Amino acid sequence: MKTLRQLSLIIFAGASLNACANASYEDGETSTIFAERWNAGINNNEPPLQMQSYDANTFVIRQSLKTNFEAPFMYLLFGTEKALLIDTGAGGIDLRAFIDAQITAREKENGKPIALTVMHSHAHGDHVAADDQFQDRPNTKVVGKEPEAIAAFFGVGSWPKDIGQYDLGNRTVDIIPTPGHQDSHVMVFDRDTRLLFSGDVIYPGRLYFRCNNVQEYKASIDRVADFAATRNISWVMGAHIELSQTPGKSYNSGDSKRSNERLIELPSSVITQVQAGTNKMLSLPRVEVYDNFTLFPIPENPQGKTPPDWCAN
Ligand SMILES: [Zn+2]
């Protein structure tokens, strides 16, 4: 079955929606946390994976648009005992060798082995495709993709309302269940960097959920907003970029090059913006474009219907 993302991208390739708010981006928005721009298919020779460090123990990896139109982001966090890989990408790449090289280098530096835990923001195909490459890796645990398996592994008492924890060795992350886009979606908060890894629930792009899942999506956003209120989150780091710096412009699956992409990092204020947007949708979900994201509810059967008001009836 196609994912919500794929479905919508197929239906709306080429469609554009007008922004409902005035954006004030300047050309060449530059990151204050990454040295390079993320590869976006501009250079024909770009490597299958691009990695940049956030700090000495935190790495951000992007799968090339040349290998898959989803061009998903993955995150690799090191504690003193364990490494945590969030997501395995959209497939067609040797992620195992890439991650092995990072861990081996770290093991040499530390003079002791580091265990690897592979988890997922959620179970859609563009985030789990290289799981098989890690199943037989020594000293490695691949966390299951069902809510029950995730809750058991991370000690989430009552899914989805409770929050789990995981210790990487002098570094603890919180696991926040956030179903709505997909049943087993979680966000990961790193207490060290105060980064919130937000998967496909919040990112600079189309935030997909079924029209009839709006309550569940909203409950997840409320849970995250409550959590964020006391955490002083540094940045919200999602799993895709689908927005251009040109206000109102989104990329679609047919774009083999994406010039002038937005940054992957979003300020923590985006959480309350998404919350305010979903609050407005409780009575009737509709597609709405905001500066940093588009709320994109999709009907169970979208054929023959057109956004933004296609959740009606
Ligand atoms: Zn997804």
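These questions and answers walk through the fold of a predicted model. Residues are numbered from 1 along each chain as its sequence is written. Local features need pLDDT of at least 70, side-chain atom pairs count only at pLDDT 80 or more, and totals for chains, interfaces and linings use all residues.

Visitor: How many helices and strands does the protein have?
Guide: Both are DSSP runs, numbered from the N terminus: helices are H or I with at least four residues, strands are E with at least two. The count comes to seven helices and 15 strands.

Visitor: What radius of gyration does the protein have, and why does it agree with a compact globule?
Guide: The radius is taken over C-alpha atoms, and the globule rule is 2.2 Å times the number of residues to the power 0.38. For 313 residues a compact globule would come near 20 Å, so the protein agrees, with 19 Å.

Visitor: What share of the residues is buried?
Guide: Buried takes 20 or more other C-beta atoms within 10 Å of a residue's own, exposed 12 or fewer, partly exposed in between; C-beta atoms are placed from the backbone. Of the 313 residues, the buried share is 42%.

Visitor: Which strands are the edge strands of the open six-stranded sheet?
Guide: The order is β1-β2-β3-β4-β5-β6, with mixed pairing. Strands pair if DSSP finds at least two bridges between them. Two strands pair on one side only: β1 (49-55) and β6 (140-142).

Visitor: Which residue in β2 stands opposite Met51?
Guide: β1 and β2 (residues 58-63) pair in the antiparallel sense over six bridges. Opposite Met51 stands Ile61.
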